[in-house]
Amino acid sequence: MDKKRILVVEDEKNISNVIKAYLIKEGFDVITAEDGKMALEIFNNEEIHLIILDLMLPKLSGEEVCTTIRTTSDIPIIMLTAKVDEDDKIEGLSIGADDYVTKPFSPRELVSRVKALLRRSYRNSSPLAEILVFNNGDLEVDIDRMIVRKKGENVYLTSNEFKVLVSLLTRPGQVFSREQLIELAFGYDYEGFDRTIDTHIKNIRQKIEDDPKKPSYILTVYGAGYKFGGA
Ligand code: CA
């Protein structure tokens, strides 16, 4: 998971500093705001993954900030509140906060709420995870969109070449015979000769290897078949 950036909105400097220190220690990026207006400004201009929002703030209250953000965004928000009675807790949640923590709170408890909420919120949302990157970005493969890039430039593989490449690179290091590779890439009912695989491999190498004669991605395993050597 990429480093998550958290916006801490709290006018009491000592509390803000403690929260910030704990979050940084846990590996988060932290931006702080001292009032509601500043919080909205930062939210509109920076990439933020979660907001810790105090209820009682100068200029704009935590409620107002939360309501405003909720008109455009479902970013996870944890409300900090000094009020302890049940009505306020419910109100905090009904204006769109995902969780609330009552002051005084333990910073450790707050951090664990932050982590839990981040897990809940970002569990299934990593659109870039489908792009596989090899050899420090030398080769990129977007399997869903069938895009291959070599040193940042698109290269065009035929659909059969793409199937062969994906069959190999999704199982790095595993050695495949020609028959196995044909089955994997094209299915059992493929009618071609074993040697057509060699032609595909040759073509793929021309497109993605620095030197097709000394391949680093599609490696020949003599007497056995092929394997993927990218890392
Ligand atoms: Ca406050």
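Residues are numbered from 1 along each chain as its sequence is written, and side-chain values use heavy atoms, with hydrogens and water left out. Because the model is predicted, local features need pLDDT of at least 70 and side-chain atom pairs count only at pLDDT 80 or more, whereas totals for chains, interfaces and linings use all residues.

Helices (H or I, at least four residues) and strands (E, at least two) are DSSP runs, numbered from the N terminus. A cis peptide bond, with omega near -5°, joins Lys103 to Pro104. Pro104 lies in the loop between β5 (99-102) and α5 (107-122).

Lys59, although not a glycine, has a positive phi of about 70°. This residue is placed in the loop between β3 (50-54) and α3 (62-70). Lys59 is exposed, with a relative accessible area of 66%; buried denotes under 20% relative accessible area, exposed over 50%, and partly exposed in between (1.4 Å probe, protein chains only). Lys151 is likewise not a glycine and has a positive phi of about 50°. The loop between β8 (147-150) and β9 (153-155) holds Lys151, which is exposed at 55% relative accessibility.

Helix α7 comprises residues 178-186, of which Leu181, Ile182, Ala185 and Phe186 are buried. Seen down the axis of α7, these buried residues fall within an arc of 100° (taken from the directions from the helix axis to the C-beta atoms), so they line one face of the helix. The elements covering them include α6 (159-169), α8 (195-208) and β11 (225-228), where contact means heavy atoms within 4.5 Å. Gly187 follows α7 and has a positive phi, near 95°.
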